[in-house]
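Here are my notes for a first look at this one. Have the structure open beside you and go through the points in order.

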Amino acid sequence: QVQLVESGGGLVQPGGSLRLSCGASGSIFSISAMGWYRQAPGKQRELVARIDSGGRTNYTDSVKGRFTISRDNGKNTVYLQMNSLKPEDTANYYCNADIRDYRLRWENYWGQGTQVTVSS
């Protein structure tokens, strides 16, 4: 059993910052790509940022220069530093990871989501 647990969401004023964390736990053999997605009410879930096992990153255009994804492989944790937040960043943010468990089978996992609200 593998779980992803997010933390760090909340209410912040425009221009503020938040840092999301997502830790993977359970019978983990290895993790390849980890990422963050978000879903706003009435909209489809979209990729925000992704980082592979080698540290290569990609971002959706709307967050480039404002958000930074990073990971701590020793802690099986991925982070999303969000700066200069805008009201349009308001969404439920989900952690995602490709994980190989001790059965040596790769599966894609999702966290339960953490709400980020940007409002004055």
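1. Let's begin inside. In this predicted model, the largest nonpolar core holds 30 residues, and the ones with the most contacts inside it are Trp36, Leu80, Met82, Tyr93 and Ile99. Strand 1 (2-7), strand 3 (18-26), strand 4 (28-39), strand 5, strand 7 (67-72), strand 8 (77-82), strand 9 (91-101) and strand 11 (114-118) each put in at least two residues. The largest share, 5 residues, comes from strand 9. As a background remark, nonpolar side chains tend to be buried together in soluble globular proteins.

2. You'll find leucine 80 in strand 8. Its relative accessible area is 0%, so leucine 80 is buried, the cut-off being under 20%. Setting aside neighbours within four places in sequence, leucine 80 is in contact with Leu18, Arg19, Leu20, Trp36, Val48, Ala49, Phe67, Thr68, Ile69 and Tyr93.

3. Now go to tyrosine 93. Which residues is tyrosine 93 in contact with, leaving aside its neighbours within four places in sequence? They are Glu6, Leu20, Trp36, Tyr37, Arg38, Val48, Phe67, Leu80, Met82, Gly113, Thr114 and Val116. Leu20, Trp36, Val48 and Phe67 are among the residues listed for both tyrosine 93 and leucine 80.

4. Step back to the whole chain. How many helices and strands does the chain have? There are 0 helices and 11 strands, so from the N terminus on the elements simply run β-β-β-β-β-β-β-β-β-β-β. Among contacts with a separation of 6 or more, 55% are between residues 24 or more positions apart.

5. On overall dimensions, a compact globule of 120 residues would have a radius of gyration near 14 Å, and the chain has 14 Å, which agrees. The C-alpha trace spans about 50 × 25 × 25 Å along its principal axes. Of the 120 residues, 42% count as buried.

6. As for the surface, the chain exposes about 6400 Å², with carbon and sulfur atoms supplying 45% of it.

7. Two backbone spots deserve a check. Most residues other than glycine have a negative phi. Asparagine 76, not a glycine, has a positive phi of about 50°. Asparagine 76 lies in the loop between strand 7 and strand 8. Its relative accessibility is 24%, so asparagine 76 counts as partly exposed. Serine 84 also has a positive phi of about 50° without being a glycine, and serine 84 sits in the loop between strand 8 and strand 9. At 41% relative accessibility, serine 84 counts as partly exposed.

8. Last stop: glycine 55. Where does glycine 55 lie? Look in the loop between strand 5 (46-51) and strand 6 (57-59). With a relative accessible area of 40%, glycine 55 is partly exposed. Glycine 55 and asparagine 96 are 41 residues apart in sequence and 15 Å apart in space, C-alpha to C-alpha.

Methods. Residues numbered from 1 in each chain as written. Predicted model: local features only at pLDDT ≥ 70, side-chain atom pairs only at ≥ 80, totals over all residues. Heavy atoms only, no water. Helix = DSSP H or I, 4+ residues; strand = E, 2+ residues; numbered from the N terminus. Buried < 20%, exposed > 50% of the residue type's maximum accessible area, 1.4 Å probe, protein only. Rg over C-alpha atoms; globule rule 2.2 N^0.38 Å. Contact = heavy atoms within 4.5 Å. Areas by Shrake-Rupley, 256 points an atom, 1.4 Å probe, with all protein chains shown as cover. Core = buried A, V, L, I, M, F, W, Y, C linked by side-chain atoms within 4.5 Å.
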